Every structure is written in C-alpha cells, then in structure tokens.
Amino acid sequence: MNWVTIHTYTYSHEAYIAQTKLESCGIKTFLQDELTTQIIPVYSYAMGGVKLQVQEQDVEKAIEILNEGL
C-alpha cells in the first residue's frame, strides 16, 4: 500500500478537519508526524508540518474533495 502526501498542515487540528471530511467520503487517510507536532509544536516547522496522506489510487478523488471546501 503506497501512501501519498496530498497536503501539509502546521497544526494537527487543521489536519483533523480535512481527514474527517475525506474519511466521511470513504477515503482512508493517515496523518504523518501528528503526534510529534502535538507533543512539541515548534517541531512542526522543522519537520514540514503534519502530512495528510491517502492511498495512491485515491489521490485525485481526495484532492477534488478538499478543493470543494470543508
């Protein structure tokens, strides 16, 4: 299973909103680096933020859903 980063967020709570929207549409998601940025928020900048990832076959559909707005 290949995960692809489709968006990055500075804070976890921002990523949770997008994650919830995608999962409500049946798209599996993964948030990379979410726990690290919760424990030490300043690391978010050094690590490139919280990465919202979806499976490779869902990339186009996920981006389309996020572009429609939350």
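Which residues does S12 touch, not counting residues up to four places away in sequence?

1. On the contacts of S12. Leaving aside residues up to four places away in sequence, S12 touches E34, T37, Q38 and V50, where contact means heavy atoms within 4.5 Å. S12 has its place in helix α1, helices (H or I, at least four residues) and strands (E, at least two) being DSSP runs numbered from the N terminus. With a relative accessible area of 7%, S12 is buried; buried means under 20% relative accessible area, exposed over 50%, and partly exposed in between, with a 1.4 Å probe and protein chains only.

2. On the basis of the model and its confidence. This is a predicted model, in which local features need pLDDT of at least 70 and side-chain atom pairs count only at pLDDT 80 or more, while totals for chains, interfaces and linings use all residues. Residues are numbered from 1 along each chain as its sequence is written, and side-chain values use heavy atoms, with hydrogens and water left out. The protein averages a pLDDT (the predictor's confidence in each residue, from 0 to 100) of 90, and 97% of the residues score at least 70. Confidence is lowest in helix α3 (residues 43-47), at a mean of 73, and highest in strand β3 (residues 50-55), at 97.

3. On the packing of α1 and α4. The axes of helix α1 (residues 12-24) and helix α4 (residues 59-68) come within 10 Å and cross at roughly 120°, axes being lines fitted to C-alpha atoms, for helices over the stretch in contact, with angles running from 0 to 180 degrees between N-to-C directions. Where the two helices meet, A18, K21 and L22 in α1 are in contact with A62, I65 and L66 in α4.

4. On E23. This residue, E23, is also found in helix α1 and counts as partly exposed at 41% relative accessibility. The C-alpha atoms of E23 and A62 are separated by 9.6 Å, although E23 and A62 are 39 residues apart along the chain.

5. On the aromatic pair. The structure holds one aromatic pair, formed by W3 and F30, which is tilted, with 6.1 Å centre to centre and 45° between the planes. Rings of Phe, Tyr and Trp (its six-membered ring) pair if their centres lie within 6.5 Å, and planes under 30 degrees apart count as stacked, over 60 as edge-to-face and the rest as tilted. W3 lies in strand β1 (residues 3-9) and F30 in strand β2 (residues 29-32), so the pair ties together parts that are 27 residues apart in sequence. W3 counts as partly exposed at 32% relative accessibility, and F30 counts as partly exposed at 41%.
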